[in-house]
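Subject: A structure for you to look at

Hi there,

Here is the structure I promised to pass on. Have a look at it first, and then read my notes below with the view open beside you.

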Amino acid sequence: VDGAIYSKDDLTFNGNGTLNVTSTKTNGIVGKDDLKLVSGTINVTSGNHAIEGKDTISVKEAVITANAGKDGLHSDGTVSVLGGNVNITSSVEGIEGQVINMAGGNTNVVSSDDALNAATADSNTSNNPEASDSNAVLNISGGKLTVNSNGDGLDSNGAINISGGET
């Protein structure tokens, strides 16, 4: 699904400005390869996924606010929060990817289902979405993570590794 901002290649946001994106029916920001949110302030309101990077999403020092009809941050591959501030104010799944790395920054997630969901597309759409999936991994090694979820706060169809940070 395309979005208000769409790239068929890598997409990088870097700078000191503010970007406001509103897309009531589709995704907000979509990168079909790697999506890097290096710096700046990014505010997204979306009827579908707020921010989607097909291969990866990497948050470094950006300040992100997402209000999503579906997922706040979504990738078929890896989502890494290395720093910055991520505030997902409304979502179904807050952060979803095959591998989720929480290594730094401050992250707040409000979700109607799972706040963090490590799962592959296959495990999410199979007849048994709770089935084990050895490719799905949730790693928490740093940063501060706060979740308010009506489903699972931390969900992985594979492994969960917690070695640091504040959860």
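Let's begin with Gly 47, which sits in the loop between strand E6 (41-46) and E7. Please keep in mind that this is a predicted model. Is Gly 47 buried or partly exposed? Its relative accessibility is 31%, so Gly 47 counts as partly exposed. Leaving aside residues up to four places away in sequence, Gly 47 touches Ser 23, Thr 24, Lys 25, Thr 26, Gly 69 and Lys 70.

Next, please find Ile 57 in strand E8 (residues 56-59). Ile 57 has a relative accessible area of 0%, and because buried means under 20%, Ile 57 is buried. What does Ile 57 touch, not counting residues up to four places away in sequence? Its contacts are Leu 35, Leu 37, Ile 51, Glu 52, Leu 73, His 74, Ser 75, Thr 78, Val 79 and Ser 80. Val 44 is 13 residues from Ile 57 in sequence, and the two are 15 Å apart in space, C-alpha to C-alpha.

Now step to Asp 55, in the loop between strand E7 (51-53) and E8. Asp 55 is partly exposed, at 35% relative accessible area. On the surface, Asp 55 gathers with Asp 9, Asp 10 and Asp 76 in a patch of negative charge.

Apart from residues up to four places away in sequence, Val 137 touches Gln 98, Val 99, Ile 100, Ala 118, Ser 156, Ala 159 and Asn 161. From Val 137 to Asn 101, 36 residues away along the chain, the C-alpha separation is 8.4 Å.

The last stop is Glu 166, in the segment after strand E18 (159-162). Glu 166 has a relative accessible area of 49% and is partly exposed. Which residues does Glu 166 touch, again not counting those up to four places away in sequence? They are Gly 143, Lys 144 and Leu 145. Lys 144 lies 22 residues from Glu 166 along the chain, with 4.7 Å between their C-alpha atoms.

Enjoy exploring, and do write back with any questions.

Best wishes

Notes: Residues numbered from 1 in each chain as written. Predicted model: local features only at pLDDT ≥ 70, side-chain atom pairs only at ≥ 80, totals over all residues. Heavy atoms only, no water. Helix = DSSP H or I, 4+ residues; strand = E, 2+ residues; numbered from the N terminus. Buried < 20%, exposed > 50% of the residue type's maximum accessible area, 1.4 Å probe, protein only. Contact = heavy atoms within 4.5 Å. Patch = residues over 30% accessible without salt bridge, like charges linked within 9 Å, V, L, I, M, F, W, Y side chains within 5 Å. Areas by Shrake-Rupley, 256 points an atom, 1.4 Å probe, with all protein chains shown as cover. Salt bridge = Lys/Arg side-chain N within 4 Å of Asp/Glu carboxyl O. Lys, Arg positive; Asp, Glu negative; His and termini not counted. Charge placed at Lys NZ, Arg CZ, Asp CG, Glu CD.
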